Amino acid sequence: VYDQSPYYKDKFDKAGVDPHRFNSLVEFRDYPTFDKYEERESQARSLKELGHPLGMHLTCDIRKVNRISASSGTTGTPSFQGHTRNDRRIIQENFGRLAEVTDTKPGERVMMAGVMSMWVAGIPTVDALTEFGCMVIPIGGLVGTTKVIEMAELTRPETIVCTPSFARRILKTARDEMNVDLTGIGVKKLFVYGEPGGSVPEIVEEFKEGFGGAETYDMAGGTGVLNPIFVACKAHAGLHFIAPDYAYIELYDREKNEVLPFEDGAEGEFVYTGLDRECGPLVRFMDGDLMRVSLEPCECGLPGMRIAILGRVDDMLLVRGVNVFPSAVRDVVLTLGDRVTGSVRIARDGDGPVVEPPVKVKVECAGMPSDEDKTRLAEEIEGRIQRQLRFKAEITLFKEGDLRAEYGPTGKAKLLE
């Protein structure tokens, strides 16, 4: 990137680093990081000066780029990601590795029920599935759950790809609005991505029951690398890192501004550097994902690092010194099983991360519990949050249908308001 991008040359020169004198990975810590704000600034500048939105950090001939995708843009202007033929090849190779872990074979019928449009996990996923040899059913999530269910009954997919929250909406719509039994249509696997949930035992069990024994595989990636690079196995003991030759990852402590050693149980923010990426490579990109690392052997036999996604730096709340992730609150609520629907929202007084206890949490009940049952349920949720997450919550219960889940443009459930 230093030789092919004036942007990176200037950036590295200002930081006092020279790739031509690079001797060890320890020196890589001296290289400047990249974040989403710098990425958007670079892309806004390239649009103004060069007439394209792929950033001043582009390192290839713009005519080699044959696809542009975009982020969801939920935290501001969307950022754009271009792919060359080689970039697409790497995505397809990584998907082939995912297929091996999940025992996916060419010819399997796969319904893409995630948002397609321009999302980075949309058309690129369809492209990789097609290249692998799957029979792709590209319906996309924007048609709504009713149409997805109707098409699933007609096409009988063996695998469905979508966000965890959309899969839950499919089950709820089928059960409550359409009186459709999805246990007998032949779904054997769910590939879920884009948000926490696919590794939560209660959600995994809900999918197994609702889709007639289907196995759930959580998959994930990182901005700046060619995804997917993480996938869960049947053991559901974390997501395996399947692309160490295409993605270099550092474990980072943002508060201390230091790189942490990879040790079993270590927690920190992942910093990604995509290897062999031609279009707009991001060197040391701070994605905002907080992870826990597992180095213990997995019972599936696959070697290497596994990770658990703890949450997002952007979403983290601070409650009297305790770091609170909205997804963790939702996961605690889900342990109540069929007494709740899973619709959860955390109310904040302002836009900042600091929240004074008790934290106001809205939860939707399932069915029609009595006032006495609702009182016990609220107390039980408050107790579990206090024990497991170490902060005091104030639970407000809503009857089923009154706390409708809200979703972003890519189908991710919104947990903060």
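## Helix 3 against helix 4

Arg88, Ile91, Gln92, Phe95, Gly96 and Ala99 of helix 3 meet Pro124, Asp127, Ala128, Leu129, Glu131 and Phe132 of helix 4. The residues of this contact between helix 3 and helix 4 comprise seven that are nonpolar, two that are polar and three that are charged. The structure is a predicted model, and the descriptions below should be read with that in mind.

Two packed helices are described by the angle between their axes and by the distance between those axes. Helix 3 and helix 4, the latter spanning residues 123-132, pack at an angle of about 70°, and their axes lie 9 Å apart. Because angles of 65 to 115 degrees count as roughly perpendicular, helix 3 and helix 4 are therefore described as roughly perpendicular to each other. The crossing in which helix 3 passes helix 4 is right-handed.

## Asparagine 94 in helix 3

Asparagine 94 belongs to helix 3, which covers residues 85-101. With a relative accessible area of 0%, asparagine 94 is buried, since the cut-off for a buried residue is under 20%.

The side chain of asparagine 94 reaches the backbone oxygen of leucine 226 at 2.6 Å. When neighbours within four places in sequence are left aside, asparagine 94 is in contact with Leu226, Pro228, Ile229, Ile242, Ala243 and Tyr246.

## Helix 6 against helix 7

Helix 6, made up of residues 164-176, packs with helix 7, made up of residues 201-210, at an angle of about 40°, and the two axes are 11 Å apart. Helix 6 and helix 7 are therefore oblique to each other, and helix 6 passes helix 7 in a left-handed crossing.

On the helix 6 side, the contact is made by Pro164, Ala167, Arg168 and Leu171, while helix 7 contributes Ile203, Glu206, Phe207 and Gly210. The residues of the contact of helix 6 with helix 7 divide into five nonpolar, one polar and two charged.

## Leucine 403 after strand 19

Leucine 403 is found in the segment that follows strand 19, a strand running over 393-398. Leucine 403 is buried, its relative accessible area being 3%. Not counting residues up to four places away in sequence, leucine 403 touches Ser343, Arg345, Lys362, Val363, Glu364 and Phe398.

Leucine 403 and proline 6 are separated by 397 residues in sequence, and in space they are 51 Å apart, taken from C-alpha to C-alpha.

Key
Residues numbered from 1 in each chain as written. Predicted model: local features only at pLDDT ≥ 70, side-chain atom pairs only at ≥ 80, totals over all residues. Heavy atoms only, no water. Axes fitted to C-alpha atoms, helices over the stretch in contact; angles between N-to-C directions. Helix = DSSP H or I, 4+ residues; strand = E, 2+ residues; numbered from the N terminus. Parallel < 35°, antiparallel > 145°, perpendicular 65-115°, else oblique. Left-handed = near helix turned anticlockwise from the far one by under 90°. Contact = heavy atoms within 4.5 Å. Nonpolar A, V, L, I, M, F, W, Y, C, P; charged D, E, K, R; others polar. Buried < 20%, exposed > 50% of the residue type's maximum accessible area, 1.4 Å probe, protein only. Polar contact = N/O pair within 3.5 Å; in protein donor to acceptor, adjacent residues only side chain to side chain.
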